[in-house]
Amino acid sequence: MTAFIRDQWYVAAYAHEVGRTPLGRTLLGEPVLLYRTEDGRPVALADRCVHRRFPLSEKPSRLDGDRVVCGYHGFTYGPDGRCVSVPGQRRIPRTARLTGYPVVEQDAFVWVWIGDRDPGDTLPPRAPWLDSPDHTVVSGMEPLDADYGLLVDNLLDLSHETYLHGGYIGTPEVAETPITTEVDEKSRVVRVSRHMDDAACPPFYAESTGITGRITRHQDIEYHAPCLYLLHSRVAPVGTDERAFHVEVVYGITPSTEHTTYDFWAVARDFALDDQKVTDFLRESNHTVVMQDVVALNALQKALDTEPPGYQELSINIDTGGLAARRILARMAAEPA
Amino acid sequence: MTAFIRDQWYVAAYAHEVGRTPLGRTLLGEPVLLYRTEDGRPVALADRCVHRRFPLSEKPSRLDGDRVVCGYHGFTYGPDGRCVSVPGQRRIPRTARLTGYPVVEQDAFVWVWIGDRDPGDTLPPRAPWLDSPDHTVVSGMEPLDADYGLLVDNLLDLSHETYLHGGYIGTPEVAETPITTEVDEKSRVVRVSRHMDDAACPPFYAESTGITGRITRHQDIEYHAPCLYLLHSRVAPVGTDERAFHVEVVYGITPSTEHTTYDFWAVARDFALDDQKVTDFLRESNHTVVMQDVVALNALQKALDTEPPGYQELSINIDTGGLAARRILARMAAEPA
Amino acid sequence: MTAFIRDQWYVAAYAHEVGRTPLGRTLLGEPVLLYRTEDGRPVALADRCVHRRFPLSEKPSRLDGDRVVCGYHGFTYGPDGRCVSVPGQRRIPRTARLTGYPVVEQDAFVWVWIGDRDPGDTLPPRAPWLDSPDHTVVSGMEPLDADYGLLVDNLLDLSHETYLHGGYIGTPEVAETPITTEVDEKSRVVRVSRHMDDAACPPFYAESTGITGRITRHQDIEYHAPCLYLLHSRVAPVGTDERAFHVEVVYGITPSTEHTTYDFWAVARDFALDDQKVTDFLRESNHTVVMQDVVALNALQKALDTEPPGYQELSINIDTGGLAARRILARMAAEPA
């Protein structure tokens, strides 16, 4: 498995998922409770009552104002994690406190800091298109029964679009066109670019933009290890660069357990902003594409689980970005906490 | 997990479940076959044919008079476990014998002794209300995907009624009222009492007794470690002690495998004995309450299965009975066989 | 578990299952891809792309002429396993090659050699009735959640027909009649014979042959360790040997994983060759019998999985053939590769 990398921000949920009903997510193996206070502030606490470990996100646990009440014996906690009430007695043990997690709401995501150090001034990487009036967004989250490293591999090598997503977003040119890769070791960003000068227009773009002929197509990947993946996608009819369409594809890649991952996906466009048909089409089409990945990655995980020790992969040029990402992840995992 | 305690009587089944069809139960990890001879005597034998370990409770295994015939190759055993017939030959190997288990039918339960010693004169603890003309009984059994210790914890601390079973048998007064705890180390009985002088009447009692106002409510627990739990429950309208209603709640807590448990539950009442509506209501209502526990305890087991080593619970006054029960169970498990 | 025996031919599929759609089977723990070239030749290759281990039998992997194209990134392989195309570059790494498996089509089966040595002149054992104009065949394959050794045990001791398959192919005489056993250590064949001179005719034969009275019934087993099991079955009305009916029952016993097995079964008859009603009846009837075995063997495996270490079976005369088979399998597994 790909090692977990602590002391990092992770996408825990979409902002709209966190509200006045307790929500439970497992992040890097840690059960986390998410909710919002009455004034709208997101809260992230350990999702285990200190008494008998009942999940505070599980019914009949519930919110009482800004507090959460355990559904088993009524232990009650404030948004800072401090226990404020226990059954049958006035005295509240000093150690009765839930671990609190640093939490930030940014770009339509609720980000949670998993680690031992304090985040200090560190903020999550940005994906501003998800919360911008100049873009229309479709999004979702699919749980993956696979190591998060398999999703990183998948997204950093888009040549798979031609095969796994043929008929949706793949065309022969994606696999044929060479990539350029840039690695920023310091900021831990991997950039992979593929510029196609004359390519078929896949249904994903043809139906959403109305383009009927061939296109120039730019795929510029920016992977901020470990959690945020951005694909700046640009298509335009060949020879008419002034009519370019931009799509920002965003993935939050959040390890849940050793072999499960939250796959947050979003597609933001700068055209046909109010066209509900385009919105519906892109949501449906991208969901299909994501599910093709889910099925494939779950199959890969099963293959991994049963393969003999010492199995060797073979890498080629298209893997340059993915291998760079793996190296960065391995180095981050090995850093002293 | 909570250690298994051998050389004890355990509830294997309700008497009505054991009949002329082979019944298989796994008790403390041991597969046990239960059936009745033609004259009605319950029999408990190892549920594995000595030949190729086919379960004798599995079809097409079947009874032939007082004998059980293996459904795979026809090995046939008497109620004492001795093999009396094998296919293709007259000579029956001397060692062809199923382990027999001591078995007692008592108080509507079939009890089986699991252990290496002989029970001698030891009899199971009593729950006479389950088989008494002065009581009407509703009962059931729910399999639990949880350590039996979690059920012991649950039942010895009824403050959870207020939260997990609110709207059924819980009211605020249960969690608020302090308990008294008594431990009889020698007979291995834990007693926990909670007497409420002026409490709301929960639907469980309001609908079954017809009481409309507030009540005095007594909960007197008697836990006979490891297997039998009794709750002597008494409710009466405030100020009218002569009109008290009694309910005896009985649990048989039988470990099946390390993480599964048989949760036998019964409710015996001394009022409205022939009122079918009350019977139906109490069966339905108590089943709902038991299922709330099942869901919660299964969730706790999942939390336990994934928690890091060294996780610390926090205990308070309400846990005095449960902690005493754990100590007794641990001591019993450590005793020389 | 029963040890895997390498350097042997195994039934991988029925010939009719292998065609122009990629088929995946796991043989002795190894994922194997099966398909046919355009000229009809069966191909067996490792079912993992050398790049990122995507299963070549999994959609959208597909055939392109005689080649197979990986559904993830388009790596393309010839029927000899050599990679002939990769995305985004002309140069194909020298090591890009799938392991090929020796494959033979014989007697309606596709046989694959699993091992490290070359098969040389060794051919799979024969079951010619499955592909003969003088016989009509019904067949199928059932996956078993059990060690293949349990299926070997099962088939070598047919006394279980009386109990597990009573009302189908079992009658009291099968279990009652002694067997003779012969072991050919050199060719690794175990022969078990049971000749019944005067037996009830079970529905399986009564309905298919039209015999109404008692029969002579011969069961002559020939087990070619590890994979092929033949039962030469002969029934005739008592006293009329010239009117004998022959059924050849064939099993391919192929270990898949440590606890799963492919159970290939076929029934070839030399009578009523064109009678569709008999064909339908025998297919249905034998499928029922196989499923009775599947249910029983899966139950045995569960019993095995939970039994304490050191559990002792008890064997009697009927087990002579099965024990001989186990000895041969153990010796083969211990042989130097």
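**View 1. Chain B and chain C are related by a turn of 120°.** In this predicted model, chain B can be laid on chain C with an RMSD of 0.1 Å. The shift along the axis is 0.0 Å. That is the relation of a three-fold axis. In chain B, Asp305(B) has the C-alpha nearest the axis. The distance from that C-alpha to the axis is 12 Å.

**View 2. Chain B and chain C bury about 2,200 Å² between them.** Carbon and sulfur atoms carry 58% of the buried area. On the chain B side, Arg52(B), Arg53(B) and Tyr72(B) lose the most area to chain C. Together these three residues make up 37% of what the chain B side buries. The contact takes 23 residues from chain B. Chain C puts in 29 residues.

**View 3. A salt bridge joins Arg52(B) to Asp319(C).** The rule finds four salt bridges between chain B and chain C. Arg52(B) is also among the three residues of chain B that lose the most area to chain C.

**View 4. Polar contacts link chain B and chain C.** The count is 13 residue pairs, with both residues at pLDDT 80 or more. The side of chain B that touches chain C has twelve nonpolar residues. Seven residues on that side are polar, and four are charged.

Note on methods: Residues numbered from 1 in each chain as written. Chains lettered and ligands numbered in written order. Predicted model: local features only at pLDDT ≥ 70, side-chain atom pairs only at ≥ 80, totals over all residues. Heavy atoms only, no water. Contact = heavy atoms within 4.5 Å. Buried area = accessible area lost by both parts, 1.4 Å probe. Salt bridge = Lys/Arg side-chain N within 4 Å of Asp/Glu carboxyl O. Polar contact = N/O pair within 3.5 Å; in protein donor to acceptor, adjacent residues only side chain to side chain. Nonpolar A, V, L, I, M, F, W, Y, C, P; charged D, E, K, R; others polar. Least-squares fit on C-alpha atoms with pLDDT ≥ 70 in both.
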